[in-house]
Amino acid sequence: MEPEPSDPRLTGEIDVDDATVKAVGLLTEAWETVQIAHGHLYAFHQLTGSADFKLEEAVKALRDAGHGGLATRLETELLGRNVLPGRWTFQVVEDYEDTYYEPFRAFEREGRELTGGLRHLWEAGLKRDRRTPGQPGHEATPAAVPGDSGSGTG
């Protein structure tokens with residue numbers, strides 16, 4: 001028999017109403033989407049930087065191949081060019097973080113204060129409702145997995 005879960009989110013004994021759990025869950029879901037967008041913004045930053053270095057190689061290759069006119073135009077008009085008016089990608093990332101990402105993060109944390117700081121209450125409720133106690137692969141916590149130390153590492 002599986003031991004009872006010690007995680008209060010999985011016992012259902014948290015004193016937070018369902019409407020608050022849902023609302024905070026939606027806020028957290030929105031925050032998770034912002035984190036994905038943030039990652040894509042860093043991908044944009046990295047890819048644009050890589051393209052600029054590859055362009056530099058192309059300029060040299062074009063010049064070496066006798067196409068100095070095009071090489072010079074690429075070097076002076078495109079290499080190192082702003083991606084937005086006055087901004088390189090690092091500035092776009094920084095502006096996004098300062099203007100949107102960090103305030104969003106602060107609001108998500110403030111919202112979680114409504115659930116006692118606990119994260120993922122909505123998902124924990126889904127786990128309580130959907131898992132089959134005693135069924136392999138449906139354990140409440142890592143500590144309930146036979147032969148698992150519950151450390152979460154490995």
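Helices here are DSSP runs of H or I with at least four residues, numbered from the N terminus. What you see is a predicted model, in which local features need pLDDT of at least 70, side-chain atom pairs count only at pLDDT 80 or more, and totals for chains, interfaces and linings use all residues. Residues are numbered from 1 along each chain as its sequence is written, and side-chain values use heavy atoms, leaving out hydrogens and water.

I start with one residue. Gly111 sits in helix H4. Its relative accessibility is 9%, so Gly111 counts as buried, where buried means under 20% relative accessible area with a 1.4 Å probe, protein chains only. Leaving aside residues up to four places away in sequence, Gly111 touches Val24 and Leu27; contact means heavy atoms within 4.5 Å. Asp52 is 59 residues from Gly111 along the chain, and their C-alpha atoms are 41 Å apart.

Now the helix pair. H2, residues 18–64, packs with H4, residues 89–112, at an angle of about 165°, and their axes are 10 Å apart. Axes are lines fitted to C-alpha atoms over the stretch in contact, and angles run from 0 to 180 degrees between N-to-C directions. That makes H2 roughly antiparallel to H4, the label for angles over 145 degrees.

Last, H5, residues 121–130. Which residues of helix H5 are buried? They are Leu121, Ala124 and Gly125. Down the axis of H5 they fall within an arc of 100°, so they line one face of the helix; the arc is taken over directions from the helix axis to the C-beta atoms. These buried residues of H5 pack against H1, residues 8–11, and H2.

Key. Helix = DSSP H or I, 4+ residues; strand = E, 2+ residues; numbered from the N terminus. Parallel < 35°, antiparallel > 145°, perpendicular 65-115°, else oblique. Buried < 20%, exposed > 50% of the residue type's maximum accessible area, 1.4 Å probe, protein only.
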